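Trainee: I would like to learn how to read a model of this kind, taking one feature at a time. Could you guide me through it?

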Amino acid sequence: MSISTDRFISFEGIDGCGKSTQARSLYDFLISHGQSVTFVREPGGTDISEAIRNILLDNNRQELADRTESLLMTSSRAQLTQELIIPELDAGHWVIADRYADSTLAYQGSGRNLDLEWLIKLNDFATYQIQPKITFLVDIDPMEGQRRRSAENDRIEDEGLEFQKLVRQGYLKIAERFKNRIIVLNGHQSVEKLHKQIKSEISRSFNFENNA
Ligand code: TYD
């Protein structure tokens, strides 16, 4: 499929890393520059994907198997990609994704210890092989992530600190492998500093005036 992914940006990181705040701030920044931007979150983002999300994050579904979890994450992604992301990119709009394919590699690959190469293939299938132009990985110590999270955990957050440590290691490995696309950011910085860093990366890559 020939589609320009130049305006496709994703945010990744362990639970509580602060990526959603940064993704929203980048959205506002682009809007303030008169850009057309669509914001999506995963799992979810379309009616069908949100229905899948409800199964995935439901605390009462502890019996959900790891492979089923992977297939549901990627099903949700396939629907979102086909129904929303591809048409938006085709129209020349920006797409900001709060999580995308790398989440499956880190959570299901490292966290659940499933075969990474299989998951990469599964992601390729689900995403029609489109990839974000830039992925910001907001990296923090899992202890800090735990401290920042609300008391109410979903099914995956319920897995606890050891699981988040595995997921973080997974992210760092993926960042090393896909260096050309993934920018690792220190999530221990203030929200403002982090936003500034993201803005300057975007402004540099896309020749924007960085004055917002
Ligand atoms: P969410 O409440 O959206 O968390 P966050 O604000 O941290 O993004 O829950 C999404 C959860 O699903 C989160 O724990 C990460 C997990 N997840 C996976 O395990 N695999 C995936 O492919 C995706 C997209 C998310």
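Trainee: Where does the ligand sit?

Mentor: This is a predicted model, in which local features need pLDDT of at least 70 and side-chain atom pairs count only at pLDDT 80 or more, while totals for chains, interfaces and linings use all residues. Residues are numbered from 1 along each chain as its sequence is written, and side-chain values use heavy atoms, with hydrogens and water left out. A pocket is an open set of points on a 1 Å grid over the protein atoms alone, where a 1.4 Å probe fits and protein lies on both sides within 12 Å along at least five of seven lines; a molecule sits in it if more than half of its atoms lie within 2 Å of its grid points. Here the ligand sits in the largest pocket.

Trainee: Which helices supply at least two residues each of the shell around the ligand?

Mentor: Helices are DSSP runs of H or I with at least four residues, and strands are E runs of at least two, numbered from the N terminus. In this model they are H1 (19-32), H2 (47-57), H3 (66-90) and H4 (101-111), with H4 giving the most, 4 residues.

Trainee: Which polar side-chain atoms lie by an oxygen atom of the ligand?

Mentor: A polar contact is a pair of N or O atoms within 3.5 Å. Asp15 has a polar side-chain atom 2.8 Å from a ligand oxygen, and for Arg53 the distance is 3.1 Å. An N or O atom in the side chain of Arg77 is 3.0 Å from an oxygen atom of the ligand.

Trainee: What do Asp98 and Lys19 form?

Mentor: A salt bridge pairs a side-chain nitrogen of Lys or Arg with a carboxyl oxygen of Asp or Glu within 4 Å. Asp98 and Lys19 meet in one, at 2.7 Å from N to O. Asp98 belongs to strand E3 (residues 94-98) and Lys19 to helix H1, so the pair ties together parts 79 residues apart in sequence.

Trainee: Which residues does a cis peptide bond join?

Mentor: Most peptide bonds are trans, and most residues other than glycine have a negative phi. The cis bond joins Glu42 and Pro43, with omega about -10°, and Pro43 lies in the loop between strand E2 (37-41) and H2. Asn113 has a positive phi, near 60°, and is placed in the loop between H4 and helix H5 (116-127).

Key
Polar contact = N/O pair within 3.5 Å; in protein donor to acceptor, adjacent residues only side chain to side chain. 1 Å grid on protein atoms, 1.4 Å probe; cavity = no way out; pocket = protein on both sides within 12 Å on 5 of 7 lines; lining within 4 Å.
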